Amino acid sequence: MWLFGRKGPSGFSSSSTAEEVTQGIDGTGLTAIVTGASSGIGTETARVLALRGVHVIMGVRNVAAGRDVKEAIVKEIPTAKVDTMELDLSSMASVRKFAADFSSSGHPLNLLINNAGIMATPFMLSKDNIELQFATNHIGHFLLTNLLLDTMKKAARTSKREGRIINVSSEAHRYTYKEGIQFDKINDQSG
């Protein structure tokens, strides 16, 4: 395993930065959606993609925070093409609206980076009556990906450049129930 800074076959390690990994890559002409781009890994992903010439669409729940991140990116990289769009992954209506608005924008979609996530929240159900963390981290991204898949395929055919869907995750998958996900108890507060 290449954990704790040891380089893998790519020459990079877990301590490599996004700038190091993308050095020399020209993303001009590509469009990427990054969910959860108003903080953390999402912000850095959006910043470095913009640095490499990618048109970045930041899918954010907090539009004000998204605008602040966009302004910071454009201040650092004056040529950056960055847009923010509201996206609440816990709401299937919001996911559908985001996908419809993006599709009607006419932009191609080359990269879909499903990064947004919440963790260790108090038990709560989403507007769609799905446990909030499961709705946000899994169902919302699943629906978003499915709704944008045809747009990605069209972009790949038109540009002759194969697209990518990236699902960002954490080590938390190692700490699940012995039996695995208990789908029949997904909304059970005691679990």
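Two strands are taken to pair if DSSP finds at least two bridges between them. Helices (H or I, at least four residues) and strands (E, at least two) are DSSP runs, numbered from the N terminus. The model is a predicted one, in which local features need pLDDT of at least 70 and side-chain atom pairs count only at pLDDT 80 or more, while totals for chains, interfaces and linings use all residues. Residues are numbered from 1 along each chain as its sequence is written, and side-chain values use heavy atoms, with hydrogens and water left out.

Strand β2 spans residues 55-60 and pairs in the parallel sense with β1 (residues 31-35) over 5 bridges. Ile57 of β2 stands opposite Ile33. Strand β2 also pairs with β3 (residues 82-86), again in the parallel sense and over 5 bridges; here Thr84 in β3 is the bridge partner of Met58.

A right-handed β-α-β unit is made by β1, helix α2 (residues 40-51) and β2, and another right-handed unit by β2, helix α3 (residues 63-76) and β3. A crossover counts as right-handed if, with the strands pointing away from the viewer, the path from the first strand over the helix to the second runs clockwise.

In a regular strand the side chains alternate between the two faces of the sheet. In β2, both faces are covered: His55, Ile57 and Gly59 are buried on one side, and Val56, Met58 and Val60 are buried on the other. Thus 6 of the 6 residues of β2 are buried, where buried means under 20% relative accessible area, exposed over 50%, and partly exposed in between (1.4 Å probe, protein chains only).

Strands β4 (residues 111-114) and β5 run parallel and are joined by 4 bridges, with Leu112 opposite Ile165 in β5. Together with helix α5 (residues 132-159), β4 and β5 make a right-handed β-α-β unit. Ser126 lies in the loop between β4 and α5 and is buried, because its relative accessible area is 6%. Beyond its neighbours within four places in sequence, Ser126 is in contact (heavy atoms within 4.5 Å) with Ser90, Leu132 and Ala135.

Val168 is placed in the segment after β5 (164-167) and is partly exposed, its relative accessible area being 33%. Val168 forms a nonpolar surface patch with Ile41 and Ile166, with about 240 Å² of accessible area together. Accessible areas come from the Shrake-Rupley method with a 1.4 Å probe, and for residues only the protein chains shown count as cover. Patches are made of residues with over 30% relative accessible area and no salt bridge; like charges are joined within 9 Å, and nonpolar side chains (Val, Leu, Ile, Met, Phe, Trp, Tyr) within 5 Å. A salt bridge is a side-chain nitrogen of Lys or Arg within 4 Å of a carboxyl oxygen of Asp or Glu.
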